[in-house]
Amino acid sequence: MLSIAALPLAAAAGPVDYVNPIIGTNGMGHTFPGACVPFGAVQLSPDTDTIPHSVDGVYQKKAYEYCAGYQYGDKTIVGFSHTHLSGTGHSDLGDILVMPATGGIKLNPGTSDNPDSGYRSRFSHSTEKAVPGYYEVMLDDYGIKAQLTATARTGVHKYTFPEKSEEGHIVLDMSHGIYNYKGKTLWSVLRVENDTLVTGYRITNGWARTNYTYFAMSFSRPVRNYGYKDRSGVPYNGFWRRFNLEENFPEMAGRDVAAYFCFDLSDEKDLVVKVALSAVSTEGALKNLQAEAAGRSFEEIASDASDLWNDELRHFEVEGTEDQKAMFYTSLYHTMINPSVYMDVDGQYRGLDHNIHKAEGFTNYTVFSLWDTYRAEHPFLNLFKPERNADMVRSMIAHQQQSVHGMLPVWSLMGNENWCMSGYHAVPVLSDAIVKGTYADTDGGALKAMVSTSKVPYYEGVKEYMELGYVPLDKSGTAASTTLEYAYDDWTVYSAALKEGRKDIADEYFKRALNYRNIYDPEIGFARPKYSDGSFKKDFDVLQTYGEGFIEGNSWNFSFHVPFDVYGMMDLMGGEKAFIEKLDQLFSMHLPEKYYEHNEDITESCLVGGYVHGNEPSHHVPYLYAWTSQPWKTQSKVREILNKMYRNDINGLGGNDDCGQMSAWYLFSVLGFYPVCPGTDQYVLGAPYLPYVKVTLPNGNVLEIKAPEVSDTNCYVRSFTMDGKEYDKLYVTHEDILKGGVWEFRMGQKPDRKRGLSKADKPYSLTEGIDEQ
């Protein structure tokens with residue numbers, strides 16, 4: 001494996017030199033190695049195969065491996081496309097694929113088994129280089145060196161053709177896509193504006209149901225000739241038949257278009273291609289191209305991309321092994337790919353209603369994987385990138401205002417709602433920003449949007465949830481987990497309403513938050529789905545992750561999903577002793593494959609015992625020991641997870657990174673605290689993973705976290721001081737962190753069994769138990 005991250009600090013120009021974008025590109029990580037800038041709209045990266053999502057309506061399971069377009073084990077590159085999702089478990093995009101080539105023109109990608117049948121090329125990882133903002137590889141079949149970089153809205157390619165080449169060409173495949181299928185591209189159009197400029201667009205029907213991708217593409221040398229094929233055939237061509245459309249005709253259109261552009265290389269072997277994107281228009285794409293890339297060399301743009309990443313990453317300084325530094329900075333890098341800017345340089349963007357809007361006073365974003373990212377990714381941005389997170393909140397509110405349903409996003413993708421997963425988890429993102437003071441809801445619009453979102457009766461059992469106090473299994477296949485998710489989301493409305501002094505709303509949502517109590521079966525001490533008549537599901541298996549009323553998980557994991565009322569949950573699970581026993585058993589049990597074999601988001605590599613770290617619902621669970629008389633167990637469990645699930649390796653992520661969520665969990669846990677319950681101002685303490693971390697905070701203050709003796713053996717906190725003062729609570733507040741200062745942890749091989757036992761030292765819980773209000 002190519003490792004570009006493990007460099008000595010003395011040789012490092014900056015923290016970018018520790019980032020290894022190859023981490024997670026094999027197996028379940030679903031990351032990509034290509035070029036982007038922080039939160040950029042363009043992610044220019046190689047795609048290594050063309051596995052379709054479905055064939056004749058039948059899902060192709062292997063497509064799951066290609067959510068980011070790239071798998072490290074592949075031996076060919078199909079081309080370089082401009083849009084990718086980072087770490088998701090479902091997918092789309094792969095827009096505007098470009099592939100350079102020599103020799104005869106081929107307009108079909110070919111196959112991995114027979115690459116010579118198409119325009120793809122073999123490659124070797126020995127020629128591959130991936131660093132933030134830059135990617136490089138040799139295309140062996142053509143002898144072409146490919147180099148990629150990016151601005152926020154423009155992908156920049158530099159292709160160096162072989163010395164003997166007198167001419168070369170690029171293929172522009174307008175139908176290539178990730179999670180592709182026949183007919184996904186509804187229409188595409190190309191215009192040759194002059195001999196160095198091509199514009200166009202395509203409309204696709206995928207996970208983003210109606211996705212408009214406009215582009216403007218410039219070439220550093222004039223096109224000699226060009227042409228295209230519509231590989232789907234043209235059943236009706238009208239009076240366009242009077243032209244020879246397929247050769248040197250400046251307008252091209254169709255449903256399955258692949259075009260080629262040929263260049264004279266007799267005097268110069270380099271070709272630079274700049275591709276700016278827009279969701280608004282080709283005019284918008286041209287403006288983006290002019291503003292970000294015109295008149296600038298490839299090297300200047302690549303240097304600026306590296307500088308942008310260094311500027312973001314250098315807020316953190318860490319000590320540790322070279323692999324630990326690589327993992328830390330790569331995780332930080334992964335938290336800043338998605339969400340992504342979704343507007344042109346003039347502020348125009350395509351809204352949820354598919355009208356063109358202008359973002360006034362904020363940057364509009366898309367790619368909100370909220371079922372995942374409300375847990376740690378957005379809290380991480382809320383703490384360390386509060387201005388960006390506030391603009392993401394504004395983007396979500398704009399989405400709600402454009403929604404015919406009056407709903408905040410569930411999963412926002414390229415100006416579309418794709419409805420993926422469950423809950424209404426934009427609500428906790430807004431609440432967390434309001435409670436922590438990073439978003440000022442001066443007109444009450446955010447709270448209004450939260451309430452509106454939670455009362456749409458036709459959304460996944462909400463009508464029954466409001467009437468019965470739970471989602472019934474006969475109305476939703478994920479009834480139990482959805483009830484738990486709604487209850488938490490409702491608690492965050494309660495929390496935001498308290499902050500804003502809206503007692504009427506707070507009272508209503510306090511009651512709704514307690515709906516979680518309605519699905520715990522006292523006979524087994526676990527959450528269990530109910531039917532509309534109030535009866536529990538029979539033949540129930542708390543370990544099975546499929547078909548038992550829980551989304552991508554089982555009751556044993558999901559029953560711990562009441563982060564806002566841990567004492568109440570503890571009582572329903574049989575009291576503190578039973579609660580601890582269940583936690584202990586979760587981490588120590590063996591979960592046989594039969595319990596997750598039908599769930600593609602869970603594999604053995606995702607598991608620590610029966611704890612599913614590779615999928616998000618359990619991410620807070622190791623921290624729940626803080627509410628018990630054995631809080632030290634969090635410290636050893638978290639370190640075990642960090643060691644097993646995060647490695648400087650192609651298989652270095654124990655599950656989908658999910659738009660930065662897995663990476664944000666890592667970063668919080670390495671720092672020694674975690675946002676168990678977004679919507680409070682508290683972070684539950686674990687233990688530092690590294691001996692030293694220094695953070696320059698957004699307000700300019702500096703926080704130093706010191707744990708010089710920490711190791712896999714010395715994993716327990718013996719004492720903790722803030723600026724020299726002993727600190728016994730098992731949580732810190734948002735304000736504590738932003739003050740900065742010096743936090744010192746004395747670590748040891750054995751836990752301090754007396755520390756943090758007082759109820760006053762415990763984190764927030766809505767109630768003191770099921771009998772306390």
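Below are my entries, in the order I made them.

**Ground rules.** I am working with a predicted model, where local features need pLDDT of at least 70, side-chain atom pairs count only at pLDDT 80 or more, and totals for chains, interfaces and linings use all residues. Residues are numbered from 1 along each chain as its sequence is written, and side-chain values use heavy atoms, leaving out hydrogens and water.

**Helix α3.** I took helices (H or I, at least four residues) and strands (E, at least two) as DSSP runs, numbered from the N terminus. What span should α3 have at 1.5 Å a residue? Its 13 residues, 322-334, should span 18 Å, where the expected span is 1.5 Å times one less than the number of residues. The end C-alpha atoms are 18 Å apart, which agrees.

Next I checked burial (buried is under 20% relative accessible area, exposed over 50%, partly exposed in between; 1.4 Å probe, protein chains only). In α3, 11 of the 13 residues are buried, so the helix is largely enclosed by the rest of the structure. Among them are Met327, Phe328 and Tyr329. These buried residues pack against α2 (298-313), β20 (316-319), α5 (377-384) and α16 (661-671), with contact meaning heavy atoms within 4.5 Å.

**Helix α5.** I found 8 of the 8 residues of α5 buried, so α5 too is largely enclosed by the rest of the structure. They include His378, Pro379 and Phe380.

**The sheet.** β20 turned up again in an open sheet of 6 strands, ordered β20-β34-β35-β39-β36-β37 with mixed pairing. The edge strands, β20 and β37 (725-726), each pair on one side only. I count two strands as paired if DSSP finds at least two bridges between them. β36 (716-722) and β39 (741-748) pair in the antiparallel sense over 6 bridges, and Met722 has Trp743 in β39 as its bridge partner.
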